[in-house]
Amino acid sequence: MSSASYPFTAIVGMADMRLGLLLNAVSPAIGGVLIRGEKGTAKSTMVRALSALLPGIRTVPGCRFSCDPAAPDPGCPDGPHESGGGASRPARLVELPVGASEDRLVGALDLERALAEGVKAYQPGLLADAHRGVLYVDEVNLLHDHLVDLLLDAAAMGASHVEREGVSVRHAARFLLVGTMNPEEGELRPQLLDRFGLTVEVAASRDPDERVDVVRRRLAYDEDPAGFRARWAAEEDALRQRIAAARDLLPGVRLGDGTLRQIAAVCAAFEVDGMRADIVTARTATALAAWAGRTEVTTEDVRQAALLALPHRRRRNPFDAPGLDEELLDETLRRFAEEDPDPEPEPDGPDDGPEGPDGPGGGRGPGDGTPDQPPAPADGQAAADHPGPSVPGPRTGADTAPEAEPRAEEGDAPAGAPAGAGDGAERPAVGAAEPFRIRRLDVPGLGEGAAGRRSRARTAQGRTTGARLPHGTLSALHLNATVQAAAPHQRARGRSGPGLLVRRQDLREAVREGREGNLVLFVVDASGSMAARRRMGAVKGAVLSLLLDAYQRRDKVGMVSFRGADAELALPPTSSVDAAAARLERLPTGGRTPLAAGLLKARETLRVERLRDPSRRPLLVVVTDGRATGGPAPVDRASRAAALLADDRVASVVVDCEEGPVRLGLAARLAHELRATPITLDELRADSVTALVRDVRTAQQTRRAA
């Protein structure tokens with residue numbers, strides 16, 4: 001059975017997600033909610049269940065853009081409409097698939113009518129379908145960046161602007177935006193995170209009783225869906241009425257100057273960029289008051305709003321942990337509450353609002369506790385045995401951060417000792433130096449991989465560079481080329497009307513060039529020769545910088561490390577650079593330098609990945625000082641392994657980590673054998689004034705010319 005009809009009120013726990021969705025249902029102007037969490041946590045189930053709770057809407061009959069007959073959009077492409085009348089229908093839940101095209105999202109020229117009738121006609125997309133409803137994007141972090149940009153622009157402006165193939169259309173697009181994602185599969189860029197109004201983190205409960213309740217309810221639903229829904233119908237109706245009541249109350253909620261000053265002070269204290277955080281926090285606090293049945297925004301409303309609206313806006317790069325310092329939050333609120341010129345009213349009696357002044361969930365929502373005692377944490381609380389809506393506030397437990405990894409001490413080997421001295425012992429992990437902006441490294445040639453920001457490629461989006469006969473299904477019509485191909489044959493085909501007579505052989509497909517994401521595989525030397533604290537810290541800082549660059553360019557990343565007697569795949573190729581950064585931070589050092597093993601492990605990893613994703617081209621980044629020790633003939637074996645990778649035509653970069661006034665040039669020799677670009681740590685920096693502008697494409701073209 002479809003999980004779309006599972007009752008919203010029957011879902012156990014998930015307090016933060018429940019509250020974030022309901023607040024957006026009350027006030028869509030908040031800007032949607034992004035739900036982050038592990039798989040199997042009812043993210044999709046709850047979002048689909050929400051649509052059944054939204055009040056129905058009235059639309060102009062025949063309008064493809066769902067105009068409100070009481071206030072029709074004067075710029076509606078199907079207009080003009082007269083006020084009054086209309087037909088009722090439920091609010092829609094529109095799902096945006098990860099593989100959707102830009103035309104499917106924003107709409108496009110109706111090619112059939114354009115070619116057959118010679119008229120310009122616009123075919124609406126998913127943004128038009130979602131107007132006045134819910135637009136749900138599952139795995140939003142896997143959606144192409146340009147689609148996320150279009151989606152969030154429409155959500156922010158409440159309208160969609162389309163300029164396609166000579167067609168210019170604007171239509172209203174106001175919807176409740178909900179995105180879900182698993183952070184293990186990759187992060188959204190901070191700029192895109194900021195466009196979501198609220199963000200909530202969800203995780204499966206560790207309480208056995210609550211887990212039992214989840215399983216029991218799901219089994220009961222699967223056995224008798226209709227009967228299960230009937231048992232929860234009263235609770236669904238009550239929650240639906242409460243949403244409608246909160247929407248009606250919302251315009252009358254007062255946000256005093258003192259409360260607004262608290263919001264501004266909190267946003268300033270956490271140093272969030274721009275003013276969107278202030279606006280979203282104010283709207284969320286107002287919605288919280290309306291949800292609790294009050295007409296005044298309280299300090300507790302501001303606190304809960306900040307916990308929902310600010311944590312994701314504090315991330316400056318993908319390696320920053322999301323979260324909020326609640327002690328700082330409480331101190332800021334307390335300090336500015338004392339200066340509040342508009343004292344907050346005392347809570348009303350127990351009959352305030354649909355479920356009392358404490359809000360939904362029996363005292364775990366707004367107004368719970370005293371000013372000096374925040375509400376109890378909602379995480380881990382099981383739903384009541386008696387069916388009924390449970391809508392507690394967000395978690396308020398103190399954020400915790402992982403303990404710092406121990407750092408290696410200076411002087412692991414005596415001064416002046418030969419390379420590899422004391423290599424037998426494993427040394428503790430060394431922290432990374434501060435990351436820096438690096439030069440762009442490209443893969444040569446023209447690829448056809450997934451859209452990204454690194455190497456040149458033929459892509460579905462980008463600038464049009466020509467036309468060609470379609471390869472398989474026509475994906476992007478080149479209108480001018482198609483018309484030019486069909487025009488000479490109109491008389492022979494007996495054309496008599498205004499339409500253009502087009503045959504299949506006339507169709508031409510647009511060839512577009514943009515940028516693709518690559519698989520960046522790091523091969524990191526973690527042997528004893530790299531283990532000096534200063535050197536390994538610099539190396540990790542360089543790799544961290546490369547990881548940050550890969551994140552910004554939408555690459556997949558993987559990591560092979562080698563030390564001691566062998567190499568290991570420390571991180572299989574993934575879209576999550578957070579995971580790569582965590583593995584890098586914990587990477588131990590010490591032992592000999594099995595360079596050949598590291599290169600062969602990288603070759604095997606690339607072979608397997610080529611079978612999984614043949615269109616994604618790899619970029620191999622070897623971080624080493626070039627030494628090879630351990631086993632018989634280590635240098636010869638490393639040379640043979642490098643030759644195998646060179647024969648595979650793998651685009652490679654060797655980051656030379658050798659330091660000191662006397663250098664052996666071993667990394668440069670390895671680069672020659674790999675047919676790779678050699679680059680020092682200093683030259684890797686984009687702001688280095690002494691480094692030459694290098695990339696893989698230039699280096700390989702130079703070698704081919706020689």
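This is a predicted model: local features need pLDDT of at least 70, side-chain atom pairs count only at pLDDT 80 or more; totals for chains, interfaces and linings use all residues.
Reader: Let me start with the rings. How many aromatic pairs does a search of the whole structure find?

Author: Four aromatic pairs turn up in the whole structure. To read a pair, look at the distance between ring centres and the angle between planes; planes over 60 degrees apart count as edge-to-face. Take Tyr 6 and Tyr 221. Their centres are 5.0 Å apart and their planes are at 65°, so the pair is edge-to-face.

Reader: Which parts of the chain does the pair of Tyr 6 and Tyr 221 tie together?

Author: Tyr 6 lies in the segment before helix 1 (15-26), and Tyr 221 is in helix 8 (residues 208-223). The pair therefore ties together parts that are 215 residues apart in sequence.

Reader: What is the geometry of the rings of Tyr 221 and Phe 228?

Author: The ring centres of Tyr 221 and Phe 228 lie 5.8 Å apart, with the planes at 80°. That pair is therefore edge-to-face. Phe 228 is buried, like Tyr 221.

Reader: Which residues do the ring pairs link into a cluster?

Author: The cluster holds Tyr 6, Tyr 221, Phe 228 and Trp 232.

Reader: Now strands. What should I expect of the side chains in a regular strand?

Author: They alternate between the two faces of the sheet. Strand 1 (residues 33-37) is the case here. Val 33, Ile 35 and Gly 37 point one way. Leu 34 and Arg 36 point the other way.

Reader: How many residues of strand 1 are buried?

Author: Five of its five residues are buried, so strand 1 is mostly covered. That includes Arg 36.

Reader: Which strands pair with strand 1?

Author: Strand 11 (residues 198-202) pairs with strand 1 in the parallel sense, over five bridges. Strand 10 (residues 176-181) also runs parallel to strand 1, joined by four bridges. Val 33 shows both contacts. Its bridge partner in strand 11 is Leu 198. In strand 10, Val 33 stands opposite Val 178.

Reader: On to charges. What can side chains of opposite charge do?

Author: They can pair when their charged atoms come close. In this structure the search finds 30 salt bridges. One of them joins Asp 78 and Arg 64, at 2.9 Å from N to O. Both residues are in the loop between strand 2 (57-59) and strand 3 (87-89), 14 residues apart. Asp 78 has 25% relative accessible area and is partly exposed. Arg 64 has 36% and is partly exposed too.

Reader: Where in the chain is the salt bridge between Asp 213 and Arg 216?

Author: In helix 8. The N to O distance is 4.0 Å. Check the accessibility of each end. Asp 213 is buried at 9%, whereas Arg 216 is exposed at 53%.

Reader: And which parts does the salt bridge of Asp 647 and Arg 675 tie together?

Author: The side chains meet at 3.6 Å, N to O. Asp 647 lies in helix 19 (residues 634-647), and Arg 675 in the loop between helix 20 (666-674) and strand 19 (677-680), so the pair ties together parts that are 28 residues apart in sequence. Asp 647 is exposed, with 52%. Arg 675 is partly exposed, with 42%.

Reader: Which residues do salt bridges with shared partners join into one network?

Author: Arg 454, Asp 549, Arg 553 and Asp 555.

Reader: Last, the surface. Which residues make the nonpolar patch?

Author: Val 214, Val 215 and Leu 219 make a nonpolar surface patch of about 260 Å². Val 214 lies in helix 8. Its relative accessible area is 40%, so Val 214 is partly exposed.

Definitions and conventions
Residues are numbered from 1 along each chain as its sequence is written. Side-chain values use heavy atoms; hydrogens and water are left out. Rings of Phe, Tyr and Trp (its six-membered ring) pair if their centres lie within 6.5 Å; planes under 30 degrees apart count as stacked, over 60 as edge-to-face and the rest as tilted. Helices (H or I, at least four residues) and strands (E, at least two) are DSSP runs, numbered from the N terminus. Buried means under 20% relative accessible area, exposed over 50%, partly exposed in between (1.4 Å probe, protein chains only). Patches are made of residues with over 30% relative accessible area and no salt bridge: like charges are joined within 9 Å, nonpolar side chains (Val, Leu, Ile, Met, Phe, Trp, Tyr) within 5 Å. Accessible areas come from the Shrake-Rupley method with a 1.4 Å probe; for residues, only the protein chains shown count as cover. Two strands pair if DSSP finds at least two bridges between them.
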